[in-house]
Amino acid sequence: MLPWFQNKFPLYLAPMAGVTDTVFRRLCKEQGADVVVTEFVSAEGIFRRNHRTQCYLDFDESERPLGVQLFGGDPAHLGEAARMVIDWKQPDFIDINFGCPVNKVVCKNGGSSLLRDCPLLESVARAVVQAAAPVPVTAKIRIGWSHDTINATTTARILENAGVQAIAVHGRTKEQGYSGEADWDVIADVVQSVQIPVIGNGDLTGAMDVKRRTESGVRGVMIGRGAMSSPWIFREIKTFFATGKIPPAPSLEEQWDFIIRHCRLAVEHPRRGRETPTMHAMRARLMAYSRGMPGARDLREKFSSVSSLTELEEIAAEHLKASSADSADLCRLLPA
Ligand SMILES: Cc1cc2nc3c(=O)[nH]c(=O)nc-3n(C[C@H](O)[C@H](O)[C@H](O)COP(=O)(O)O)c2cc1C
């Protein structure tokens, strides 16, 4: 049994390409995430060992337990890539991606394309489990390729028999991409069909969602987009499970402190390079943070041209000033 499931209900930060780099993973760990996974890396990328791959594999000891996620469609290559990653970086586990719906990945027989080729999925899993031993291997799947070919219970059993030690299930099909709703009934079916821990994933945006979804029998949950806009979601869930009470959301000041710190850590990260391109790359992240903030539309417009930390600090100061003026006006309007 993987140690993070022993008497625990781990909260995973979902792997998200372009989002869950070492800086963001560390911030989520501070907020209470228990287990993190790198963005996916192709086996071929590992062989090339270029700057980009090294960035994907970068992690800090404080992030443990951490898994490196690999994808590809060639069992021998994936096995070899797993071995190389383990030699270089000593992750706590290797995770295999059987869920990515992106055409560039699917065309090369990677990600979710293996959901419609169970023999190949099995070969990939067996090759990686064998090559990685004694380092454990986990997998992340979608519930199937399409609505008419939902096969998550079958793939989960194949993966369990191949020696995979936990399975994260994103409750959507490949064809759904990110649209529609995650189907937690299928996730519950997967829980019933295997002995190994199943981690539920899809559309969790707060502690009440997680509470409701524990009914499926999952042994942990994985949170993606919810953490992108509110990384404090992990703290909220932990507090709720410990006390039965949902803590107040961080104040606007606290949110801005967090956002500015995120950007500063990204700019200062040795692999990132200069401030301007880093801040350009952070724009999409800032857009996600603006969700739920007052005046989000104005903020998004400002974020679309932000190029430095100083500019971001100015946006924050202006936004805080405008928000406190708005709440003072509101107080005046309310009866005493
Ligand atoms: C921007 C983005 C990048 C993603 N990259 C990956 C990835 O590299 N590997 C993976 O297994 N899933 C990836 N996913 C899928 C997420 O891990 C997760 O399964 C999905 O977002 C559903 O969970 P959520 O509703 O909590 O966001 C990505 C999702 C998003 C939005």
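Q: How far apart do the C-alpha centres of domain 1 and domain 2 lie?
A: Domain bounds come from an automatic or database domain assignment. Here the C-alpha centres of domain 1 and domain 2 are 29 Å apart. Domain 1 covers 3-243 and domain 2 covers 252-327. This is a predicted model, in which local features need pLDDT of at least 70 and side-chain atom pairs count only at pLDDT 80 or more, while totals for chains, interfaces and linings use all residues. Residue numbers start from 1 along each chain as its sequence is written.

Q: How many residues of domain 1 and domain 2 are in contact?
A: Two residues are in contact if their C-beta atoms, placed from the backbone, lie within 7 Å. Six residues of domain 1 contact nine residues of domain 2. On the domain 1 side, helix 1 (22-30) and helix 10 (225-229) are the elements that give two or more residues. That side of domain 1 has four nonpolar residues, one polar and one charged (Ala, Val, Leu, Ile, Met, Phe, Trp, Tyr, Cys and Pro count as nonpolar; Asp, Glu, Lys and Arg as charged; the others, Gly among them, as polar).

Q: How many helices and strands does the chain have?
A: Helices (H or I, at least four residues) and strands (E, at least two) are DSSP runs, numbered from the N terminus. The chain has 15 helices and nine strands.

Q: At what angle do helix 13 and helix 14 pack?
A: Axes are lines fitted to C-alpha atoms, for helices over the stretch in contact, and angles run from 0 to 180 degrees between N-to-C directions. Helix 13 (residues 275-290) packs against helix 14 (residues 296-303) at about 170 degrees, and their axes are 9 Å apart. The two helices are therefore roughly antiparallel (over 145 degrees; under 35 is roughly parallel, 65 to 115 roughly perpendicular, the rest oblique). Arg-283, Leu-286, Met-287 and Ser-290 of helix 13 meet Ala-296, Leu-299, Arg-300 and Phe-303 of helix 14. By class, this contact has five nonpolar, one polar and two charged residues.

Q: Which residues come nearest to the ligand?
A: A residue is near a molecule or strand if its C-beta atom, placed from the backbone, lies within 6 Å of it. Of the 22 residues around the ligand, Ala-14, Met-16, Phe-40, Gly-224 and Arg-225 come nearest. The shell has nine nonpolar, nine polar and four charged residues.

Q: Where are Pro-65 and Pro-134 found?
A: Pro-65 is in the loop between helix 3 (51-57) and strand 4 (66-71). A cis peptide bond joins Arg-64 to Pro-65, with omega about -5 degrees. Pro-134 is in the loop between helix 6 (118-132) and strand 6 (137-144). A cis bond also joins Ala-133 to Pro-134, with omega about 5 degrees.
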